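Good morning, and thank you for the time on today's agenda.

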Amino acid sequence: MDQKAIVELLARTALFGSLDQQDRTAIAGRMRRTQFDPDQMIFSRGDPGREIYLVIEGRIRLSVLSSDGRELSFDHAGPGHVFGEIATLDGGERTAGATAISRVQAMALPQKALLDLIEANPKVGLAAIRFLCLRLRETDQRLEAIALHRIEVRLARLMLSALKLQSPAAKDGKVKLDLGISQGELALLVGASRPKVNLALTMLVDMGAITRAGSGFSCDIEVLESVADME
């Protein structure tokens with residue numbers, strides 16, 4: 001991927017999307033290419049935050065360990081997603097671990113480069129503030145969903161979010177969705193066991209919200225939205 005394509009990818013991120021072309025070009029110029037193998041630990045909770053990453057290809061699992069040693073996954077970062085921002089911005093420790101699910105191609109922006117950009121350009125600082133506020137809102141909504149909503153509702157909302165990223169122009173009808181993750185990974189994301197997720201998927205099939213299509217799903221957006229709105 002050349003620098004022009006990286007600048008265009010930065011334009012689609014929540015962190016840098018509000019910046020103009022010149023600012024994004026300056027950011028791309030300070031980034032370096034890196035890659036990770038499947039199951040490679042990129043960083044662990046408690047590590048110093050020295051870089052922020054932009055995913056070009058592949059998928060990253062973001063997770064924490066519970067007190068009894070279980071891994072709790074709370075998000076994935078795929079192409080066009082930024083991760084590792086919190087510790088990189090505040091200079092503290094990593095708040096979660098990041099593991100490559102598949103082979104990953106990414107661009108890394110060193111902490112010093114990011115802080116230099118913020119100091120030199122207030123627009124970059126404002127973009128970082130908006131991004132962190134968005135992350136906080138998303139975390140609050142995720143915690144609320146786990147605490148208050150049934151698994152099929154959580155799954156419907158996750159699928160709708162994924163559809164919005166994969167097929168932003170789709171508003172209704174049936175749309176193919178390939179999450180690119182196993183049921184085990186899906187269970188980690190919605191805070192449930194794999195058997196319960198499998199049961200919830202069967203319920204969505206019975207409701208007509210999804211049908212299985214090879215390794216993915218054919219989703220009826222209207223039905224999925226009705227399930228997502230269920231209390």
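Predicted model: local features only at pLDDT ≥ 70, side-chain atom pairs only at ≥ 80, totals over all residues.

Let me start where two helices touch. Gln183, Gly184, Leu186, Ala187 and Val190 in H7 are in contact with Arg194, Val197, Asn198 and Leu201 in H8.

Which residues of H7 are buried? They are Glu185, Leu186, Ala187, Leu189 and Val190. Leu186, Ala187 and Val190 also belong to the H7 side of the contact with H8. Just after H7 comes Gly191, whose phi is positive, at about 70 degrees.

I now turn to the sheet. In what order do its 4 strands lie? The order is S1-S8-S3-S6, in an open sheet with antiparallel pairing. Strand S1 (32-36) and strand S6 (82-83) are the edge strands, each pairing on one side only.

Let us look at S3 and its two partners. Strand S3 (residues 51-57) and strand S8 (residues 104-110) run antiparallel and are joined by 6 bridges. Within this pairing, Ile52 stands opposite Leu109 in S8, and Tyr53 stands opposite Ala108 in S8. Towards the other partner, S3 pairs with S6 over 2 bridges, again in the antiparallel sense. There, Leu54 stands opposite Val82 in S6.

Is S3 mostly covered or mostly open? S3 is mostly covered, with 6 of its 7 residues buried. As a general point, side chains in a regular strand alternate between the two faces of the sheet.

Helix H1 (residues 3-11) lies across S1, S3 and S8, and runs at about 105 degrees to S3. Helix H4 (residues 111-120) lies across S3 and S8, running at about 55 degrees to S8.

I would also draw your attention to a single residue in another strand. Phe74 is located in strand S5, which comprises residues 71-77. Phe74 has a relative accessible area of 30% and is partly exposed, because that class lies between the limits of 20% for buried and 50% for exposed. Along the chain, Phe74 and Ala96 are 22 residues apart, and their C-alpha atoms are separated by 9.4 Å.

Finally, the chain as a whole. Its secondary structure amounts to 9 helices and 11 strands. The radius of gyration is 18 Å, close to the 17 Å that the globule rule gives for 231 residues, so the chain is as compact as a globular protein of that length. The C-alpha trace spans about 55 × 45 × 30 Å along its principal axes.

Of the 231 residues, 42% count as buried. Among contacts with a separation of 6 or more, 69% come from residues 24 or more positions apart.

That concludes my presentation, and I thank you for your attention.

Terms used
Residues numbered from 1 in each chain as written. Heavy atoms only, no water. Contact = heavy atoms within 4.5 Å. Pairing = 2+ DSSP bridges. Axes fitted to C-alpha atoms, helices over the stretch in contact; angles between N-to-C directions. Rg over C-alpha atoms; globule rule 2.2 N^0.38 Å. Buried < 20%, exposed > 50% of the residue type's maximum accessible area, 1.4 Å probe, protein only.
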